Amino acid sequence: LHRAKRDPVLMATVIASIAAIFMTTGFFIVGEYNTAFAITLLVAVRLATAERLTLADGLVLAVIAAFASRVYEVMIYLGPLLSVITVAIKSRSR
């Protein structure tokens, strides 16, 4: 939310995503997908708000990717989606 606060449309999208994903599954239902969706949302917002990918962005994303791919099997499916987003952001910044 901190990174999305400057863009009202992005902020509304993030809040709607949080509501759609996490509020419908309940607070007491714990599964790996809850954390995986949170990681995916974190990375997507970080990429969407970056005008240009910096070394700090790359390090944060690499740490998140290493953690997520080692811990959560569902990232096998969400990882390629995040890769496509990264390529789209990179091509947009050129």
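Mentor: The secondary structure of this chain, which is a predicted model, comes to four helices and zero strands, so that the order of elements from the N terminus on reads α-α-α-α. Of the 94 residues of the chain, 27% count as buried, and the accessible surface comes to about 6600 Å², with 70% of that area belonging to carbon and sulfur atoms. Among the contacts with a separation of 6 or more, 62% are made by residues 24 or more positions apart.

Turning to the charged side chains, the count comes to two salt bridges. In one of them the side chains of Asp 57 and Arg 3 meet, with an N to O distance of 3.8 Å, a value to be read against the cut-off of 4 Å for a salt bridge. Because Asp 57 lies in helix α3 and Arg 3 in the segment before α1 (8-25), this pair ties together parts that are 54 residues apart in sequence. Asp 57 counts as buried, at 6% relative accessibility, whereas Arg 3, at 28%, counts as partly exposed.

Asp 57 also forms a salt bridge with Arg 46, and here the closest N and O atoms are 3.0 Å apart. This pair again links distant parts of the chain, with Asp 57 in helix α3 and Arg 46 in helix α2, 11 residues apart. Through shared partners, the salt bridges join Arg 3, Arg 46 and Asp 57 into one network.

In soluble globular proteins, nonpolar side chains tend to be buried together. In this model the largest nonpolar core has 13 residues, of which Ala 36, Ile 39, Val 43, Tyr 72 and Met 75 touch the most other members. At least two residues of this core come from each of α2 (32-49), α3 (55-71) and α4 (75-92). A second, separate core of five residues includes Ala 4, Leu 10, Leu 41 and Val 45.

Technical notes:
Residues numbered from 1 in each chain as written. Predicted model: local features only at pLDDT ≥ 70, side-chain atom pairs only at ≥ 80, totals over all residues. Heavy atoms only, no water. Core = buried A, V, L, I, M, F, W, Y, C linked by side-chain atoms within 4.5 Å. Buried < 20%, exposed > 50% of the residue type's maximum accessible area, 1.4 Å probe, protein only. Contact = heavy atoms within 4.5 Å. Areas by Shrake-Rupley, 256 points an atom, 1.4 Å probe, with all protein chains shown as cover.
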